[in-house]
Amino acid sequence: MNRIDPSEITPEHIYLSRRSFMVGVAATAGAAVLAGCEVGGDTGTSGEGASTTVGTPGSTGAATDELGQGLTSYEAVTTYNNFYEFTVDKEEVAEKAADFVSTPWTLEVGGLVDSPRTFTIADLLALLPEEERIYRMRCVEGWSMVIPWLGIPLGALLEMVGPTSEARFVRFQSIDDPEHLPGQKKYSYDWPYIEGLRLDEATHDLTLLSTGLYGKRLLPQNGAPIRLVVPWKYGFKSIKSIVKIELVREMPVSFWMASSPREYGFYANVNPTVDHPRWSQKAERRIGEFGRRDTLMFNGYDEVASLYEGMDLRKDF
Amino acid sequence: MRTGGHVGALVPGLLLAWDAATGGLSVDPVKELTQRTGKDAFVLLVLSLAVGPIVRITGLRTVAPLARILGLYAFGYATLHLLAFVGLDFGFRGDLIVDGVLEKRFALIGLTAFLILLVLTATSTRARVRRLGPIWKRIHRLAYLAGAFATLHYLWAVKTITREQLAWAGVVGVLLALRLPEAAGLFVLTRRKLTRERPPRDGPPTAES
């Protein structure tokens, strides 16, 4: 049992102030090194303060994303969730997921790879350093958040198992456990949840396998213990509570493609010019704000545009 | 009675203002503000429509002024509801509002109900009532149409219709049915039952008859 009591969770303002403190510590330490050897003994002491926080080696110390947009509150990120395995009511997921146990957990990585492996979360974190990434998340329903994730680049994990030359897509599978996931009993979807990425999307530097947010391990409602984060695609592509990752030859059929093929395609790139059949995608409501923001192409991550060169994104939505 | 009407109608608004000021709204305050003002407008409109039948059944004429008071507050909350939709939700952006209304066609039904309430509010002053005379009564029967549209808007807007919404629809249905000419006899019967102790033939004529 590695569950986190809500009282242990760092409130957002402390998290933010701690990070600015850490930035200060780092700056002081840096200055000390530059200043020479006479204060050398002190830098180690300063370093300890930083290491007690759940590892944020890549922490930027920023309270905004790269566009200067502020973080969504920890409360909103952990109480406003789409996770149909628990319930379709976004504001009820946290409560319904409270007793979900995600330890022990194993992640199977296989398919068309040279060396298939099964990892525990501890294995993964020992092998690959966690990084902090502040990403915008845009839900297909028309709302968005800015979240400081912790995680490892998916590309680094795939490199460890070595995809064969035949591998073209990556297929992800969520946990299948109707006894502990009331939504899987209640709603007649084709469980478990499946998602997929093209190999070049999966190995893109932005693509993250997340194990935490706001400096803490993921809570069940956010997809504990490990989930995908693909910030330039609609939120539903970022599959939660993953148990299996497979390298495959054919394009996987995702959960939503199977459920309503007319409404959901494989790519699901954030695109303000292609509306969902039932609603516009031109703008979005940032949770915690009034009014709407214009939705950005690829959710503002223009660096992925080259992945889709020559494709008709109206057809491949 | 009037004071009670004002106080009762102001309470939900004050609670909402309190919640907004103390951060008691959910993480999706736009949704909560929109839904609560809409619900308050709807409930006050239904209560306003219920005043007429209550007076006719019980003969309690002292409650009659509540129809106007509650109706005016219903319009007030409906205005806040509309403002929340176009302002808080869509930031007063015309292009987004047009898209939003096309996606949520029930918004048009709600808008129709709002426009009816606007007309009723504009013609609710004493001077207007006097000047319009018999036409005023006809115009103000539109309140029932507003009630029907508001109900449709409410049932259509929610994702899943619950027992509560069905119950409200039932109440509005009964209130509309009581407007039918056939219902007039029902009122006479009910009132006779309520006043059985004093046989109407022998007693002095009452003010209403």
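Here is a short chat about a predicted model with a chain A and a chain B.

Visitor: What is chain A built from, helices or strands?
Guide: Both. Chain A has nine helices and 12 strands.

Visitor: And chain B?
Guide: Chain B has 10 helices and zero strands. Read from the N terminus, its elements run α-α-α-α-α-α-α-α-α-α. Its C-alpha trace spans about 65 × 35 × 35 Å along the principal axes.

Visitor: Where do the chains meet? How many residues are in contact?
Guide: 15 residues of chain A are in contact with 11 residues of chain B. On the chain A side, helix H3 (74-79) and strand S11 (283-286) each supply at least two residues. H3(A) gives the most, with three residues.

Visitor: What kinds of residues are on that side of chain A?
Guide: Six are nonpolar, three are polar and six are charged.

Visitor: New topic. What confidence does chain A get?
Guide: Chain A averages a pLDDT of 86, and 81% of its residues score at least 70.

Visitor: Which residues stay under 50?
Guide: Residues 23-58 of chain A do. For that stretch the model has 28 contacts beyond four places in sequence. Where pLDDT is low, the predicted coordinates should not be read in detail.

Visitor: Now the sheet. What is the strand order?
Guide: Chain A has an open sheet of five strands, ordered S2-S1-S10-S5-S6, with mixed pairing. Strand S2 (117-120) and strand S6 (194-198) of chain A stand at the edges. Each has a single partner strand, so one side of each is left without a neighbour in the sheet. The twist averages 15° from one strand to the next.

Visitor: How do S5 and S10 of chain A pair, parallel or antiparallel?
Guide: Antiparallel, over six bridges. S5 covers residues 169-174 of chain A, and S10 covers residues 242-248. Gln173(A) has Lys244(A), in S10(A), as its bridge partner.

Visitor: Which peptide bonds are cis?
Guide: Two to look at. The bond from Thr103(A) to Pro104(A) is cis, with omega near -5°. Pro104(A) sits in the loop between helix H4 (93-97) and strand S1 (106-111) of chain A. The bond from Trp191(A) to Pro192(A) is cis too, with omega near 0°. Pro192(A) is in the loop between helix H7 (182-186) and S6 of chain A.

Visitor: What is the phi of Ala268(A)?
Guide: Near 50°, a positive value in a residue other than glycine. Ala268(A) is in the loop between helix H9 (255-259) and S11 of chain A.

Visitor: Is Ala268(A) buried or exposed?
Guide: Buried, because 21 other C-beta atoms lie within 10 Å.

Visitor: And Asn299(A)?
Guide: Asn299(A) has a positive phi of about 55°, although it is not a glycine. It lies in the segment after S12 of chain A.

Visitor: Last one. Why does Tyr301(A) count as buried?
Guide: Because it has 20 C-beta neighbours inside 10 Å. The cut-off for buried is 20 or more. Tyr301(A) lies in the segment after strand S12 (293-294) of chain A.

Visitor: What does Tyr301(A) touch?
Guide: Leu206(A), Pro231(A) and Trp232(A), not counting residues up to four places away in sequence. Also, the C-alpha atoms of Tyr301(A) and Tyr135(A) are separated by 9.6 Å, with the two residues 166 apart along the chain.

Key:
Residues are numbered from 1 along each chain as its sequence is written. Chains are lettered from A and ligands numbered from 1 in the order in which they are written. This is a predicted model: local features need pLDDT of at least 70, side-chain atom pairs count only at pLDDT 80 or more; totals for chains, interfaces and linings use all residues. Two residues are in contact if their C-beta atoms, placed from the backbone, lie within 7 Å. Helices (H or I, at least four residues) and strands (E, at least two) are DSSP runs, numbered from the N terminus. Ala, Val, Leu, Ile, Met, Phe, Trp, Tyr, Cys and Pro count as nonpolar, Asp, Glu, Lys and Arg as charged, and the others, Gly among them, as polar. pLDDT is the predictor's confidence in each residue, from 0 to 100. A residue is buried if 20 or more other C-beta atoms lie within 10 Å of its own, exposed if 12 or fewer, and partly exposed in between; C-beta atoms are placed from the backbone. Two strands pair if DSSP finds at least two bridges between them. Axes are lines fitted to C-alpha atoms, for helices over the stretch in contact, and angles run from 0 to 180 degrees between N-to-C directions.
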